[in-house]
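Please walk me through this model in the viewer, one selection at a time. I would like to know what to pick at each stop and what is found there.

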Amino acid sequence: RNLSVNANNKIIIVQEGALPPLIALLSSSDEKIQEQAAVSLRNLSVNPQNELQIVQEGGLRPLVALLRSPNDKVQRQAVGALANLSVNPKNKVKLVQAGGLAPLVTLLRAGGDKVKEHAAGAMRNLSMNPELEADMLREGALAPLISLLSSPEMKIQLQASVALRNLSVTPDSKVKIVEEGAVPSLVSLLRSADLRLQEQAAVIFRNLSINAENKVSIVEADAVPAILALLRAPQEPSALEGDPEYEGQLATLKQTLKVQEQAAGALRNLSMHAENKPKLVALGAIPPSLLLLKSQEPRIQEQGAGVLRNMP
């Protein structure tokens, strides 16, 4: 277990034939042995070469079986290993074929915080494959992912929001995410102090608002004030280039511009629906849209112009 933490050792351990016995120990009747074996595989699975070999050696099914363990420590290590393995595109489908979706969805609802974080991370990775969307919807992944948007743990919120962002690209999920009641939680994320969560929520709203019915539902759910708040002009770095604070302030500026662009894109989509146009005007959408035209970013200017073009 300890040797498997070292980056160089990860490759050597696998080359020396450690995978088959470690995988066999996952099926031990002793929970402590299960945990130690799962920890070792989790550490080894960080290495891209090992991601594939662990699966080729038959590691998926026993790890999936441990997701149902009554022991929180065993669950945590098994789901952490599966989250790492599911980063590899070739492993995503295989994890679903190994029966991983159902227990992962269960852990989204009932696991401890660390277990939920890793389960949501696995869902985030699986959601990057559009072919798995139907499987994820069929297993009921949307409701617990939406519930995790309200988690007090920011890491859990971020994993769940990225998974929903990926799923919100497809037509079926656009409708179902709104039907499952995601809008209020997403509005809360728009108001988050964390720029990464703001961006994920803004992207989701931008994707959802492509659907005609969603355009109306989002406005009726009072999401517009929170979207408009993200259109404010970002703060330029006050520190000089070379100062210790400069790089951090510059990174914040770049992230804020990403949020602004996504929020503007969502507003533009909403403004395309005839029923929304007078409501958006009444909510004060025109002044911030005019300010977007003064942005130094052409893509933000384009979104602002698009909103104004759609207005009555």
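Which helix gives the largest share of the lining of the largest pocket? Select H18, which supplies five residues, the largest share. Keep in mind throughout that this is a predicted model.

**Stop 1: the largest pocket**

The largest pocket holds about 270 Å³ of space, and 16 residues line it. To find its centre, select Pro-234, Glu-236, Leu-257, Ser-295 and Gln-296, which lie nearest to that point. Two elements give two or more residues to the lining: helix H18 (246–270) and helix H20 (286–292).

**Stop 2: Pro-288 in H20**

Stay on helix H20 and pick Pro-288, which is found there. Is Pro-288 buried or exposed? Its relative accessibility is 14%, so Pro-288 counts as buried; the cut-off for buried is under 20%. Show the residues around Pro-288: leaving aside neighbours within four places in sequence, Pro-288 is in contact with Leu-228 and Leu-231. Then draw a C-alpha to C-alpha distance from Pro-288 to Ala-226. The two are 62 residues apart in sequence, and the distance in space is 12 Å.

**Stop 3: Glu-297, between H20 and H21**

Next, select Glu-297, in the loop between H20 and helix H21 (298–310). Glu-297 has a relative accessible area of 31% and is therefore partly exposed.

**Stop 4: Asp-222, between H16 and H17**

Move to the loop between H16 and H17 and select Asp-222. Most residues other than glycine have a negative phi. Asp-222 is not a glycine, yet its phi is positive, at about 65°. With a relative accessible area of 46%, Asp-222 is partly exposed.

**Stop 5: helix H14**

Select residues 183–190, which form helix H14. How many of the eight residues of H14 are buried? Six are, and the helix is mostly covered. Colour Val-183, Ser-185, Leu-186, Val-187, Leu-189 and Leu-190 to see the buried set. To see what these buried residues pack against, show helix H11 (142–148), helix H12 (154–167) and helix H13 (171–179), together with helix H15 (195–208), helix H16 (212–220) and helix H17 (224–229).

**Stop 6: Asn-125 in H9**

Go to helix H9 (residues 113–126) and pick Asn-125. Asn-125 counts as buried because its relative accessibility is 11%. Which residues does Asn-125 touch, not counting those up to four places away in sequence? Show Ala-83, Ser-86, Val-87 and Lys-92.

**Last stop: the whole protein**

Clear the selection and zoom out. The protein has 21 helices and zero strands. Along the principal axes, the C-alpha atoms fill a box of roughly 70 × 50 × 30 Å. Of the 312 residues, 53% are buried. Among contacts with a separation of 6 or more, 70% are between residues 24 or more positions apart.

Switch to a surface display. The accessible surface comes to about 14600 Å², and carbon and sulfur atoms account for 52% of that. Colouring by charge picks out 33 positive and 31 negative side chains, and the centres of these two sets lie 1 Å apart.

How values were computed: Residues are numbered from 1 along each chain as its sequence is written. This is a predicted model: local features need pLDDT of at least 70, side-chain atom pairs count only at pLDDT 80 or more; totals for chains, interfaces and linings use all residues. Side-chain values use heavy atoms; hydrogens and water are left out. Buried means under 20% relative accessible area, exposed over 50%, partly exposed in between (1.4 Å probe, protein chains only). Helices (H or I, at least four residues) and strands (E, at least two) are DSSP runs, numbered from the N terminus. Contact means heavy atoms within 4.5 Å. Accessible areas come from the Shrake-Rupley method with a 1.4 Å probe; for residues, only the protein chains shown count as cover. Lys and Arg count as positive and Asp and Glu as negative; His and the chain ends are not counted. The place of a charge is taken as NZ of Lys, CZ of Arg, CG of Asp or CD of Glu. On a 1 Å grid over the protein atoms alone, a cavity is a set of points where a 1.4 Å probe fits but cannot get out, and a pocket is an open set with protein on both sides within 12 Å along at least five of seven lines; lining residues have an atom within 4 Å of a point. Grid points are joined across faces, edges and corners, and a volume is the space filled by probe spheres set on the points.
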